[in-house]
Amino acid sequence: MARSKPRVKVPKTASKDEVITIKTLISHKMESGQRKDGDGNVIPRQIINKFTCEFNGKPVFSCDLEPAISANPYFQFSAKVPESGTFKFTWVDDDGSVYSTESDITVE
């Protein structure tokens with residue numbers, strides 16, 4: 001599979017203790033393992049099975065994903081920002097691949 005590309009949208013600035021909205025999306029086919037190819041063979045499962053978000057090393061949000069999740073999983077959630085720092089986002093694939101990206105935010 002082509003390398004999945006994660007995208008995130010985090011505000012560049014926020015006020016102290018402001019609740020911000022974070023949006024993430026990763027391009028991934030999320031093959032459930034329940035479909036068959038043209039020859040009747042089962043297409044092996046290959047999904048993103050875990051997503052985590054950390055802020056300055058502390059967990060903010062995480063979830064396990066199951067085969068019923070659609071292609072290109074999208075998440076939107078809120079986080080309270082007490083200080084300037086870095087959000088780190090990580091997606092784990094069934095094949096062991098780990099995709100991650102980071103986004104900085106400044107508290108003014």
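Visitor: Leaving aside neighbours within four places in sequence, which residues is phenylalanine 51 in contact with?

Guide: Contact means heavy atoms within 4.5 Å. On that basis phenylalanine 51 touches Thr24, Phe61, Ser62, Cys63, Phe75, Phe77, Phe89, Thr90 and Trp91. This is a predicted model, in which local features need pLDDT of at least 70 and side-chain atom pairs count only at pLDDT 80 or more, while totals for chains, interfaces and linings use all residues. Residues are numbered from 1 along each chain as its sequence is written, and side-chain values use heavy atoms, with hydrogens and water left out.

Visitor: How is a sheet read, and what is the strand order of the open sheet here?

Guide: Strands of a sheet pair through backbone hydrogen bonds, either parallel or antiparallel. Strands are DSSP runs (E, at least two residues), numbered from the N terminus, and two strands pair if DSSP finds at least two bridges between them. The open sheet of five strands has the order 2-8-7-4-5, with mixed pairing. Its edge strands are strand 2 (13-14) and strand 5 (58-64), each pairing on one side only. Strands 4 and 7 run antiparallel and are joined by seven bridges; cysteine 53 stands opposite phenylalanine 89 in strand 7.

Visitor: How many salt bridges does the structure hold?

Guide: Side chains of opposite charge can pair when their charged atoms come close. The criterion is a side-chain nitrogen of Lys or Arg within 4 Å of a carboxyl oxygen of Asp or Glu. There are three salt bridges, one of them between lysine 50 and aspartate 64 (3.3 Å, N to O). Lysine 50 lies in strand 4 and aspartate 64 in strand 5, so this pair ties together parts 14 residues apart in sequence.

Methods: Helix = DSSP H or I, 4+ residues; strand = E, 2+ residues; numbered from the N terminus.
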